[in-house]
Amino acid sequence: VDAWAPNMRACEITGDRSSGVGTRRRMRHAWGFVFDEVVTDWTDGEGFSFNVLSAPFPMVQVQESWQLTGDDRVTHVTTQVRYRMSLGILGRVLDRQLVRFIVRNEMRSGVRGLANYVENGA
């Protein structure tokens, strides 16, 4: 992920699996956040889903999925992030005013980075 996602600075497999359900990885974000993740669903060539075990406060129960569809000429990437916020009403306000904006921008920049990496090798 750190090869194509603009804000990821490091990514490593942390368990003994390199693919499939149960695979674990740790990523370090440019802002200093560390994400520990575990794959919960995996379909070769089609996509995967994972839970973020250590999400930036005040986010909790973060789940993300990446799916591929298409044909020989074009591939479509669909991503989805689901999460809850802690802190009650304050968390809901933070989500509406800031967190959704950040998550949306992170996901969009990641997809653009992946497209650039696949199409141009950079």
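Strand E5 (residues 59–70) is joined to E6 by 10 bridges, and the two run antiparallel. Helices (H or I, at least four residues) and strands (E, at least two) are DSSP runs numbered from the N terminus, and two strands pair if DSSP finds at least two bridges between them. The structure is a predicted model, in which local features need pLDDT of at least 70 and side-chain atom pairs count only at pLDDT 80 or more, while totals for chains, interfaces and linings use all residues. Residues are numbered from 1 along each chain as its sequence is written, and side-chain values use heavy atoms, with hydrogens and water left out.

Axes are lines fitted to C-alpha atoms, for helices over the stretch in contact, and angles run from 0 to 180 degrees between N-to-C directions. Contact means heavy atoms within 4.5 Å.

The sheet as a whole is open and consists of 6 strands in the order E1-E2-E3-E4-E5-E6, with antiparallel pairing. Strand E1 (8–13) and strand E6 (75–85) stand at the edges with a single partner strand each, so one side of each is left without a neighbour in the sheet. On average, neighbouring strands of this sheet are turned by 20 degrees against each other, direction ignored.

Strand E2 is joined to E1 by 5 antiparallel bridges, and 5 bridges, also antiparallel, join E2 to strand E3 (residues 34–43). On the E3 side, Arg24 has Val38 as its bridge partner. E2 and E3 form a hairpin with 4 residues between them, and Gly32 in the turn has a positive phi of about 100 degrees. In a regular strand the side chains alternate between the two faces of the sheet. In E2, the covered face carries Arg25, Met27 and His29, and the uncovered face carries Arg24, Arg26 and Arg28.

His29 lies in strand E2 (residues 24–29), where Met8 stands opposite His29. His29 counts as buried because its relative accessibility is 3%; buried means under 20% relative accessible area, exposed over 50%, and partly exposed in between (1.4 Å probe, protein chains only). Neighbours within four places in sequence aside, His29 is in contact with Asn7, Met8, Arg9, Phe35 and Glu106. The side chains of His29 and Glu106 make a polar contact (3.0 Å). A polar contact is a pair of N or O atoms within 3.5 Å; within protein, one must be able to donate a hydrogen and the other to accept it, and residues adjacent in sequence count only if both atoms are side-chain atoms.
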